[in-house]
Each structure stands twice: as structure tokens, then as C-alpha cells.
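Reader: I've got a new model open and I'd like to learn how to read its features with you. Can we walk through them together?

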Amino acid sequence: MSPYRNLFLKNSSDEPYEGPELHTDELRGDFEDYIQQKKDLISGLKDSLNLDTPSRVAALQSVVNQQGYQLIAKNAGTVKKVGGGVAIVSGLRGVMENELVLFPDGTFGLAMDLHEFHVGCVILGPGEHIQAGDVVYETGRVVDVPVGAGLLGRVVNALGQPIDGLGPIEADGYRPIEFPATGFIYRSPIDTPLQTGIKAIDSIIPLGKGQRELIIGDRQTGKSAIAMDTVINQKGEDVYCIYVCIGQKMSTVAQIVNTFQEYGAMDYTTVITASAEDSPSLIYLAPYAGCALAESFMYDGKDALIIYDDLSKHAIAYRQLSLLLERPAGREAYPGDIFYLHSRLLERSANLSKEKGGGSMTALPVVETQAGNISAYIPTNLISITDGQIYLSSKLFDEGILPAIDIGLSVSRVGGSAQNDAMRAVSKNLSLDVAQYLELRVFARFGTELDAETRQQLDRGERIRTILTQPQFEPLPIAHQVAVIYAAIEGYLDQVPLDKISEFEKRFIKHLTQYHAGLLTEFAAGRWDEQLEKELKDTLDDFITRLYEIGFLEEIEEMEI
């Protein structure tokens, strides 16, 4: 008999075994011998016992089966220090980056900072009962979130858990929040427009599906309003929207959700929120959770639009986590990988090739500036990552020009190739006209006498600028935009007083919808030629003549000199 067998048969009160050194192979062999002896003993029971009924045999077999042994190896560590939502854990050898770890109170943590002798874990929850000395276990899986159409119309937190009180979510599956961006081999050029419904954007700063366009500006200049209008304008366009609220107040989140419900946008939208009251770890995870959901739609061959509102608070939360994890601080106390934080997020937006399903994910990140300083650290990072920016000026906002888009500082680097052909033909000189008007306006402030041509150019520029203003939550179809902007550029608004331009626009759109629906259909399809332009001109002439007849417009009497 092997001396190792006594080790398994000893009671806890016996003296410890002092035999030769144990080895795994020998232990395995002794286990097999021991199990075989038990099997032989069971097989001989039929000869020594009176087993008359099958029930006795079954009862005996169940008792024997319950005596099995199983060795389970778990990689564990020990909490050395905890505080500020971060735990420093020793051990956990072989843990993966961004792997979930489990604390004794059932709280999960995220292994973010991997060192040789310890691991910095971000606690995903309150963590009030976690103490130094607690045992921490690996889970073997990275952070993932539920994805699928079941999340549409819902409000969830950064972990995909519902917080709207509408019951559990039926997810199609789970997807890791971190995923490599699609290689350029499987991407196709951006060739399909994504209409925002905002005249100043669709005409001068057009967006395409798969593009990343930064919305940048000071606080309270209308950044979120542009993002919300874009989401509302996707109704009926087969675009799934994900709105990620990062570090926002819950009252602000409630207003956004109520607005989407009022305009019917929640049917195709998911709101993911990590509020200002949440821990920095959840604020850090929220954009990646939203990106994973949008990515699932993209790889299913569908079009997705994701709003990150805003990434300034995301960077601040990551800086807070990094300082708590004792990482070296760089410029403005941000860690050295702050650029990679946002680049790996935004690079996942793409317009996939037909071989990959042909889906797309368009990203509209929002970033806040301080006193218009677009050369700050985080804004310049995001400007260099994205494909263009929409800059909102606080000065224009104060003048009442809404949306307060500064056309001179705004650009779309790839969306022009995807622009509606009719809009491209109409607005090809629009940005130049606005720029010239702004220069002339500065010159005219000096009180210099202006000739008739310059005065006319100033008047037309003022009307073009007025026609580009737009109330919030009133996105316009692209066909309506084409007709209205053409009227402004070609001088048909020169006869309309500034205070009547908004009413003129509403009446003209109503007139087109009632009597020239076919023309609008052609514009919506991107068609533009001399025949369509002539038909639009004739329509404008007839409409303005009718406005004079009904007294909306009045003839200006020339003064005798």
C-alpha cells in the first residue's frame, strides 16, 4: 500500500504526515488506485448484501456518487489598499487587462493597472464593505454589455442595466466594451449622407455615414441641441441612435429622454447614462458601452449613430482614476495615454464594405471648451482624431443666431463626397458668400459710405445668415433645405424684410408641399439639372407674385432725390 493513501484517510486530529515529498503524478496515481478500490468494493456488494429491489440499488448508488472529490483551482489575490473607488490588489497572477474581478461582498472590479507585484482595480459599485485583507477572485471574462434591438427605447446605465423602471431587457447577446477597430481593408469610402435636418450643417458642413464629427464649443452654446436635433431627424431613416450622457445631471438626462419621447425618437434610440452622481469608473465605461451597442448594429449590416455627450467629463473621470491608481501625471495632470483613451473609442466608427455587411457607425463626440480656447489639451486631441468639427461660438449665441455655428472654424473633411447632389449644386458658394458678408460687415462698421453693389451684397448676406438660423427641435428635410437655400442665394429674399423671412420660409415650404411635391421628391433623391432649376425658379417667381397680391410683401417706393 502506498504511504500517500494514509494522507487521505487520516482524521484532522492525527499527526501530520512526515513521509517522502509529494509529487503531482504520484498523487494522481494514488487517487486512481483509491477510486478503483472503491469501485471494486461496490461491485462486490451484490454478493455480500441482499439487494432485492432496484430502489435499494439506486439509493446505494446515489450515496456513492455523492462521495466524489473535485479539485478547483482559482486565481486569487488580496486587497492591500482601498479608497476612492480603487483597490490595490496583490496576487492575481495572469489577470487580463480590463478583466472583471470579484470581491467578497459580490461587487465587481475592473483590472486596469497591471504591475509586476500588484494590480490596480477600479471598483464598479459602491464598494463600502471592501476592506484590506479581503480575497479577490478572477472571473476569466472582460467587461461586456447586452446588445440588440431589445435595448431600443430604454434608458440603461454603463453596464447595460435598465434604470427606467420598465422591467428587464431581452438582449440578443453580449459584446465586450473594448474591441479592435475595423481594419481599412474592410472599410469603404463614405458615400452616403447622414442628414441632421439643420440647414447650416447639411449645406456647408455635410456629414456622411461612418464619419466622426466633433461638436465643440463653450458651455451653454447649443452643443447638445445639435446632437438631439440630429437624433430626432433620423425618424424613418432606419438609423439606430445611441445617446451617451457622460457625467450629466439626472435632471438633464430626464429632459433629453422626455424630448425624445415627445418627438417619437425613443422608438429607435437607446440612452446610456453615467450621471455626475455615479463613480468615475462608471463614467469611464459609459462611452465604451455605447460604442459596443452601436458596433453590434454596424456588424449586423445596419446604420448606427452614437452621440458622446460629452468627452470632456470622460477625460476628467479617467484622470481621476489614473491619479488614484498612482499613474504618472502629464500635461494638466492627465495620464500619458489620454490620447489613446479617445482614439481607440472613435476609431471604431466606420463605414463597412459590402463583404463585412455594409453597416456603418457615425460618431458625434461633444467636447466643451473654456472661453473659446480650442487649442486646449483635450479639444486638440479630439480635433486631430475626428474627421472635422462643428464649432459653436458663444458670441454668435449671444447675438441670437441659433444654431451658433461659426462657419469659418467649422469643417467637414470627408462628408462633402457624400453630400446630396442637389444640395451640393445649390450650396457650392454658400460658405464663401457668408465669409464675404462677415468681412464686409466689419468694414461697414467704420461708417464708410458704401456703393450700391456693396450694400446689396451686405443685405443679401444678412438674409442668407438669417435663413440659416433655425429653431430647436425643428429639423428640415433635405429637399426643403435645397429650395429655401436656393431662394436665398439667388436673391429671391432681397425683397423680403428681415423680420418676415421666417414666415416666408414656412409659407414657401407649405406651398411646395401642396403644389410641387414632385419637385421635392427629385431634390430628396439628389437630382439637379437645368430643367429642375428652371421649374424651381418659375415656382419662386409665381410664389413671390402671389405674396404681393395678398399683401404679405409690399412694393418699396423709390425716393426722389
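Reader: Let's start at the surface: is alanine 371 buried or exposed?

Author: First, the ground rules: this is a predicted model, where local features need pLDDT of at least 70, side-chain atom pairs count only at pLDDT 80 or more, and totals for chains, interfaces and linings use all residues. Residues are numbered from 1 along each chain as its sequence is written, and side-chain values use heavy atoms, with hydrogens and water left out. As for the terms, buried means under 20% relative accessible area, exposed over 50%, and partly exposed in between (1.4 Å probe, protein chains only). Alanine 371 has a relative accessible area of 78%, so it is exposed.

Reader: And where does alanine 371 sit?

Author: Helices (H or I, at least four residues) and strands (E, at least two) are DSSP runs, numbered from the N terminus. Alanine 371 is in the loop between strand S14 (360-368) and helix H11 (377-385). Its phi is near 55°, a positive value in a residue other than glycine.

Reader: What about the phi of alanine 333?

Author: That one is positive too, near 70°, again in a residue other than glycine. Alanine 333 belongs to the loop between H9 and helix H10 (338-346), and it counts as partly exposed because its relative accessibility is 29%.

Reader: Now for threonine 270: is it buried or exposed?

Author: Threonine 270 counts as buried because its relative accessibility is 0%. You'll find it in strand S12 (residues 269-274). Its side chain reaches the backbone oxygen of leucine 151 at 2.7 Å.

Reader: How many residues does the largest nonpolar core have?

Author: A nonpolar core is a set of buried Ala, Val, Leu, Ile, Met, Phe, Trp, Tyr and Cys residues joined through side-chain atoms within 4.5 Å. The largest one here has 72 residues, and those with the most contacts inside it include Val231, Tyr243 and Phe508. Helix H16 (residues 478-489) supplies the largest share of this core, 10 residues. Apart from it lies another core of 61 residues, among them Val156 and Ile383.

Technical notes. Polar contact = N/O pair within 3.5 Å; in protein donor to acceptor, adjacent residues only side chain to side chain.
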